[in-house]
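Colleague: I would like a close look at one helix and the parts around it. Please take me through the model step by step.

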Amino acid sequence: MAKAEAQEAAANEIISSDPATGREVGRVSVTTPDEVREAVERSRQVFHMWKTTSFAERRRLVMRAREVILDEMEAIAELISAESGKPKGEAIALEIAPVLDLMKWIARSAEKMLRPRRVGIGLFGLLGRSSRVVYHPLGVVAIIPAWNYPFSIPLGEAVMSLMAGNTVVIKPSELTPLTGLKIGEIFKKAGFPKDAVQIVSGAGETGAALVEAAPDKVAFTGSVATGRKIAEVAAKNLTSVVLELGGKDPMIVLADADLEAAANAAVWGAFCNAGQNCASVERLYVHESIAEELTRRIVEKTGKLKLGPGSDPDVSVGPMSSERQIRIVERHVDDFREAGAVILTGGERYDAARERVSDAGTSEGKISASPRQRVSASLFFAPTVITGATNDMRPMQEETFGPTLPICTFATDEEAIALANDTEFGLTASVWTRDIARGRRIAEQIEAGSVCINEHLYTHGIGQTPWGGFKNSGRGRTHGLEGLLELVQPQHIHTNRITLLPDAWWMPYSPTALETFRGFATKFATGSLLKTATLLPQLWKRIKELRRR
C-alpha cells in the first residue's frame, strides 16, 4: 500500500534536479487537466476587469515587478542556474538583464504603440468619410515556453500580454518548474490582480490541456513536432498561435571579415548555454581563403573554456539539460565522424574528456568538477569544433541544440547564400564583413527572421525588435511592435460625416446607376483627383435620381 501511495505521489509532482550535480532542487505539484481549465476560466473572468485598467496602472505594476526582480536578482539567477545548468553569469546576462530592459521599454511604449490611428482612405475622404483603427486586447494568453530560457521568454511574453490588456496563464517546462513558479510569485509581489497571471505546472499533458481549454492566444516556444501538435489542437477552437520553433542558424564569414571578432562570436554563439539556443551558430560557413586561420583561432579559444557547474563564476559552459538532449548531440557528432568530417576538439561527454585530463594533463576544454558531482557528470559535453562539414551530412540539416560548431567553406557570395538557405529552418543568421553594404545585400537574400551583420544570437535580448522565423522556424512574432500586435485585435471604425445626400451605390439600381458605377471603376478608382472631377456630373445625376425616389 505504501508503495502504491508513493507511486501516486510521484505521478502528481515534478522533481526538479540540477543537471550539473543531480541534486534535487525542489518539487512542484502537477496541475490536473480539470485544474487547467479552471485556471483559464478564472483568467477569463479577471480579463473583463483587467482590460479596463489604464495604461498608467499597467505601467505602474510592471515597473513594480521590475523592482521585485532587481531586489531578488541574485536568488533568481541562482535558481535559473540550478534548474537549467547554465552559468549564473549567463542567467543574469542572457535572461534577467534582457527581460528587465524589455519590461522598461514595453511599460513606457505600449500606450503609444497601441494608440488609435487614423487610416488614409484616399478620395473617399473627399466624400466626408474617415477611418481609424483601435486596438482591443484578445483575452487569455497561454504561454508555453521552452526550458532553455525559462525566465526571460515567459516573463517577457507575459509582460507584453499584460500591457496589451490581456491576462496570462503560463505552463513552464517540466525541467524548470520552480523558475515558472518564481515568475508567478514576482507578479503577486508586484500587486497584480489575483489570477491575472497564473502558473500551471506539468509536462506534455498539462500543456495539451492548456491549449484544449481554448485560450484566446497560444504563444509556444519549442520543437517543430510539438509546435505542429499545438497548431492542430488550437485550430479546433480557431485559437491563434505564435510558434517559435527550431533553428539551424548559419554564420557566414567573408574574406574581409575581422577574424578576431568572428572567432570570438563563433565560440560564444555556438557554446553559450551549452549550445542550447534556438539561435545558436549551428553552421559556420567561411570563405576558403581564411578558413584555416579562422579555424585555428576558434580551436584556440575553445580550448580555454572551462566546463562545470553553473555556480562556479569561472565556468563558461555548463551541463546539457537532459540525457535525451545529450544523446542527440552524441548522435550528430558520430554522424559527422562517419561522414568524413574531422573532430578537432571535444566530441565526447564529460566522462571521456575527464579521462583525457587524467592521462595527458590537458584537454580541449578545462573541466571543473568535484567527486560529489561525478554522479551527473555525463550531462557535460565538451565544446566541439568540426571541420570538413558539408550540407549533405545529416547533422547539417537537423537541429543539434548542443555545443557543436561544424565549419564548412565556400568560394563565392552566391554559394554562401545558397548554403545558408539550404535548410528547413530560418530563425536567425549572421554575415561577417567589413563591407556593410555588401553585408546588407547578402543579409536580404537569407531566408531568416533576423539577420545580423557582425553580430549573432543576442537580438532576442533586444525587446524592441521582432523575434520569429521563416519556414519551419515558426509563425508570428514576439517582441517589438510586431509582437505586440500579435496580442491585440484591430477594430476598424469608419465614419460618414455627410448624411444629407444618399450614397450613389445605394438601391434601387438603374441605367444611370450602371453608368455611374462604370465611372467609379474607370475614374474614381484611379486615385486621380483630375479624373474623378470628370465624374462629378454623372455622380450628381445619380444622386438626384435617388433623392427623387
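This is a predicted model: local features need pLDDT of at least 70, side-chain atom pairs count only at pLDDT 80 or more; totals for chains, interfaces and linings use all residues.

The request comes down to one question, and a connected answer follows.

Colleague: Which residues of α9 are buried, and what covers them?

Modeller: The chain has 549 residues, and 54% of them count as buried. Its secondary structure comes to 19 helices and 20 strands. The C-alpha atoms fill a box of roughly 105 × 65 × 40 Å along the principal axes. Among contacts with a separation of 6 or more, 73% join residues 24 or more positions apart.

Now α9 itself. The helix covers residues 224-236, which makes 13 residues. At 1.5 Å a residue, α9 should span 18 Å. Its end C-alpha atoms are 19 Å apart, which agrees. The buried residues are V224, G227, I230 and A234. Seen down the axis of α9, they fall within an arc of 115°, so they line one face of the helix. An α-helix has 3.6 residues a turn, so residues three or four places apart point the same way. The face of α9 turned away from the buried side carries R228, K229, E232 and K236, which are exposed.

Next, the cover. The elements over the buried residues of α9 include β5, α8 (204-212), β8 (217-221) and β9 (240-244). After the helix comes L238, with a positive phi near 55°.

Strand β5 runs over residues 140-144 and contains V140. V140 has 1% relative accessibility, so it counts as buried. Beyond its neighbours within four places in sequence, V140 is in contact with V40, S43, R44, T167, V169, P215, D216 and K217. V140 and G165 are 25 residues apart in sequence, and their C-alpha atoms are 9.5 Å apart in space.

For comparison, take α19. This helix covers residues 536-548, 13 residues in number. Q538, L539, R542, I543, E545 and L546 are buried in α19. Seen down the axis of α19, the buried residues fall within an arc of 155°, so they line one face. P537, R547 and R548 are exposed on the face turned away from that side. The buried residues of α19 pack against α17 (511-522). The loop between β20 (488-496) and α17 holds P508. The peptide bond from M507 to P508 is cis, with omega near 0°.

Helix pairs come next. The axes of α3 (residues 55-71) and α5 (residues 88-113) come within 9 Å and cross at roughly 165°. That makes α3 roughly antiparallel to α5. The crossing of α3 past α5 is left-handed. On the α3 side, the residues that meet α5 include F55, V62, M63 and I69. On the α5 side, those that meet α3 include I96, L100, M103 and A107.

Helix α5 has another partner. The axes of α5 and α6 (residues 152-163) come within 9 Å and cross at roughly 5°. The two helices are therefore roughly parallel to each other. The α5 residues that meet α6 include L94, V99, W105 and I106. Among their partners in α6 are L155, G156, V159 and M163.

S81 sits in helix α4 (residues 73-84). At 7% relative accessibility, S81 counts as buried. Setting aside neighbours within four places in sequence, S81 is in contact with K86, P87, K88, G310 and S311.

Last, the backbone. Most residues other than glycine have a negative phi, and most peptide bonds are trans. N273 has a positive phi near 55°. N273 lies in the loop between α10 (259-271) and β11 (283-287). Its relative accessible area is 4%, so N273 is buried. F401 also has a positive phi, about 60°, although it is not a glycine. The loop between β15 (384-387) and β16 (404-410) holds F401. At 11% relative accessibility, F401 counts as buried.

Methods: Residues are numbered from 1 along each chain as its sequence is written. Side-chain values use heavy atoms; hydrogens and water are left out. Helices (H or I, at least four residues) and strands (E, at least two) are DSSP runs, numbered from the N terminus. The expected span of a helix is 1.5 Å times one less than its number of residues. Buried means under 20% relative accessible area, exposed over 50%, partly exposed in between (1.4 Å probe, protein chains only). The arc is that of the directions from the helix axis to the C-beta atoms. Contact means heavy atoms within 4.5 Å. Axes are lines fitted to C-alpha atoms, for helices over the stretch in contact, and angles run from 0 to 180 degrees between N-to-C directions. Angles under 35 degrees count as roughly parallel, over 145 as roughly antiparallel, 65 to 115 as roughly perpendicular and the rest as oblique. A crossing is left-handed if the near helix is turned anticlockwise from the far one by less than a right angle, and right-handed if clockwise.
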